[in-house]
Amino acid sequence: MTQPRYYFTGDNDKVNLDFGNLGFDYHPCPYRFEAVYELGVWRARGVVEETAMTLPEGSQCLHYGQQLFEGMKVHTGADGKVYAFRPAENANRMNEGARYLQGPEVPVDLFIRGVEEVTRANLPYVPPYGSGASLYVRPFYLGIGDNVGVKPASKYVFRIFVTPVGPYFNGGFGPDQGKSFRISEFDRAAPYGTGHIKAGGNYACSFKPCAEAKQEGFAEAIYLDPKEHRYIEEIGAANFLAFKGESLITPDSHSVLPSITRRSLLRIAREIYSWPVEERLIDKAELDEIDAAAACGTAAVITWIREVADGEKTWSFPFDQRWQQLYDSLVGIQTAAIDDPFGWRHEIK
Ligand SMILES: Cc1ncc(COP(=O)(O)O)c(C=O)c1O
């Protein structure tokens, strides 16, 4: 395998991109990581250059949705080092999905090696500290093969690409950056289906509710529980958080994707700020009593909710300073601006 090489003409060791003004868009980077599973073993192909993939036409990922993906971010730290955030958690979540979709797990070591290699290979594309941007890392998993029957594949591809990104919702985080969301009458997941894994099929069926919300000027759709349409579940590709009095509350549901950002924020709330935390059902009617609300996720980080609309009814929420505290702690840990008491930073050497 040839080693990636970059030659710079000035002092800068970054590509000439306007990192401070990136949106959440795909910007191709030179290298990706790939591994292939066949006959019971994963074989790392390592870092490769082709963005295009050639798949057999009968591949299960193309017909039956035997596919998974992950999303995580790599940051340049205040100390100049480069860090991934809790990559083993993404590997574990992908493997939860692999078990459900009846494919082989990706060894956590292979997953992390891939994140490290693809980041190192694309180092000039990792946004600098202070730019507000990060390197989005997209691992994905495909069941492939010459097949026509409805059954799991015997061969798999695990690939990771990266792309530098800015904020997911325009404007990013700040007291004047609250967003409005609309409750959808559609579902993204079945009550005991695949909502808890990051399978691509969960997302295609969110395009229509999301498009409808956006056509009406909202940032995204909010989903209710798919059984009773009564409890708040998720916000597009983000989890729901709220403050009710002293407590930070978040939905407890099988059909919600277990967000690594949410898990991290709940721990920060409990252990750094000593705030009470409740994971429980949140009735839509409880929006009347909630003091502040937010969406959280790798891409959304924390996006506070200014407004929730449901048909003719609208709830409005103010910015709550506690979002700022959670944001500063989370992003501070991710970017080495503060200590990491939980051991979440994973340095890419
Ligand atoms: C449906 C859904 N919910 C929540 C999240 C947030 O999860 P995380 O914080 O692990 O990115 C994501 C993004 O991965 C998602 O796709």
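I began with a salt bridge: the side chains of R263 and E89 meet, N to O, at 2.6 Å. I note here that the model is predicted. I then looked up how open each partner is. R263 has a relative accessible area of 37%, so it is partly exposed. E89 is partly exposed too, at 22%.

**Helix 6**

I checked the length of helix 6, residues 260-272. At 1.5 Å a residue, its 13 residues should span 18 Å. The end C-alpha atoms lie 17 Å apart, which agrees. Next I listed the buried residues of helix 6: I260, T261, R262, S264, L265, L266, I268 and A269. I kept a general point beside that list: an α-helix has 3.6 residues a turn, so residues three or four places apart point the same way.

Then I looked at both ends. At the start of helix 6, a side-chain oxygen of S259 comes to within 3.2 Å of the backbone nitrogen of T261. After helix 6 comes S274, with a positive phi near 55°.

Which residue makes a side-chain polar contact with R262? I found N239, at 3.1 Å. N239 sits in strand 11, residues 238-244. A polar atom of the N239 side chain also lies 3.4 Å from the backbone nitrogen of S259. Is N239 buried or exposed? Its relative accessibility is 2%, so N239 counts as buried.

**Helix 2**

I ran the length check on helix 2, residues 87-100. Its 14 residues, at 1.5 Å each, should span 20 Å. The end C-alpha atoms are 20 Å apart, which agrees. The buried residues of helix 2 are P87, N90, A91, R93, M94, N95, G97 and A98. Just after helix 2, Q102 has a positive phi of about 65°.

I also followed R99. It forms a salt bridge with E105, the closest N and O atoms being 2.9 Å apart. R99 is partly exposed at 41% relative accessible area. E105 is partly exposed at 39%.

**Other salt bridges**

How many salt bridges are there? The count comes to 22. I picked out the one between R280 and E286, whose closest N and O atoms are 2.7 Å apart. R280 is partly exposed, with 23% relative accessible area. E286 is buried, at 10%. Both belong to a network of salt bridges that links K244, E278, R280, E286 and E289.

**Cysteines**

I looked for disulfides and the count was 0. C61 is in none, and the nearest cysteine sulfur, that of C205, is 18 Å away. Since its relative accessible area is 14%, C61 is buried. C29 counts as buried too, at 3% relative accessibility.

**A surface patch and a loop residue**

I turned to the surface. Y64, V148 and V150 make a nonpolar patch of about 350 Å². V150 lies in the loop between strand 6 (134-144) and strand 7 (155-165). At 72% relative accessibility, V150 counts as exposed.

My last entry is T335. I found T335 in the loop between helix 7 (321-334) and strand 17 (345-347). At 10% relative accessibility, T335 counts as buried.

How values were computed: Residues numbered from 1 in each chain as written. Predicted model: local features only at pLDDT ≥ 70, side-chain atom pairs only at ≥ 80, totals over all residues. Heavy atoms only, no water. Helix = DSSP H or I, 4+ residues; strand = E, 2+ residues; numbered from the N terminus. Expected span 1.5 Å × (residues − 1). Buried < 20%, exposed > 50% of the residue type's maximum accessible area, 1.4 Å probe, protein only. Polar contact = N/O pair within 3.5 Å; in protein donor to acceptor, adjacent residues only side chain to side chain. Patch = residues over 30% accessible without salt bridge, like charges linked within 9 Å, V, L, I, M, F, W, Y side chains within 5 Å. Areas by Shrake-Rupley, 256 points an atom, 1.4 Å probe, with all protein chains shown as cover. Salt bridge = Lys/Arg side-chain N within 4 Å of Asp/Glu carboxyl O. Disulfide = S-S within 2.5 Å.
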